[in-house]
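Work through the following exercises with the sequence and the model side by side, and try each task before reading its solution.

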Amino acid sequence: MAKVQILIGVPGSGKTHYANSVCAAGRICSADKYFKTNSGKYVFDPSKLARNHSACLNWFFELARHRPFHSGDGFVSDIIVDNTNIHHWEWQNYFAIAREFLWPVEFHVWEPPSFDIDFNVVANRQLHGVPMDKIRQMADELELPFGPYFQHFIHSSSSSREVQR
């Protein structure tokens, strides 16, 4: 059954790698998409952050309002929200839209790094140029979704361990 997957984690934790490995590119909603040039190069411009997140949410709405996509081989594709989603307010509109259109929702949370070496791993792995102190701040502020209808999958930022909670 097709579902919405909302990814939560600091930059470099593995969210985009996961999204690209399990979902068709056109079904991944990411504000990062709007920071890419025509040649595909990622260029972060903070003045476009709000606009790009709004465009991402609008794209999600368009995908969600249509019933699940069926490819020629019968595969039903999920919709993935691939943003950091550190705070509740960052993902709550995606969740509300998904529920409005009767999509089941899963949250995939990448555990924040817990040791300096893990912060070095994610800081070096991420492509966004986010400074390590900002990644640490985001990890400290990470708000987990809780409630009876939240299905969680916990991923490690430094390995491929996955645990359903």
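**Exercise 1.** Find how many aromatic pairs the structure holds, and describe the geometry of the pair formed by Phe35 and Phe44.

*Solution.* Rings of Phe, Tyr and Trp (its six-membered ring) pair if their centres lie within 6.5 Å, and planes under 30 degrees apart count as stacked, over 60 as edge-to-face and the rest as tilted. By this rule the structure, which is a predicted model, holds 8 aromatic pairs. In one of them, Phe35 and Phe44 lie 5.0 Å apart, centre to centre, with 40° between the planes, and the pair is therefore tilted. Phe35 and Phe44 also belong, together with Tyr42, to one aromatic cluster.

**Exercise 2.** Decide whether Phe35 is buried or exposed, and then do likewise for Phe44.

*Solution.* Buried means under 20% relative accessible area, exposed over 50%, and partly exposed in between (1.4 Å probe, protein chains only). Phe35 has a relative accessible area of 4%, so this residue is buried, whereas Phe44, at 40%, is partly exposed. In the chain of 165 residues, buried residues make up 43%.

**Exercise 3.** Determine which residue lies over the face of Trp59.

*Solution.* A charge sits over a ring if NZ of Lys or CZ of Arg is within 6 Å of the ring centre and within 35 degrees of the ring normal. Lys33 lies over the face of Trp59, at 5.0 Å from the ring centre.

**Notes.** Residues are numbered from 1 along each chain as its sequence is written, and side-chain values use heavy atoms, leaving out hydrogens and water. Local features need pLDDT of at least 70 and side-chain atom pairs count only at pLDDT 80 or more, while totals for chains, interfaces and linings use all residues.
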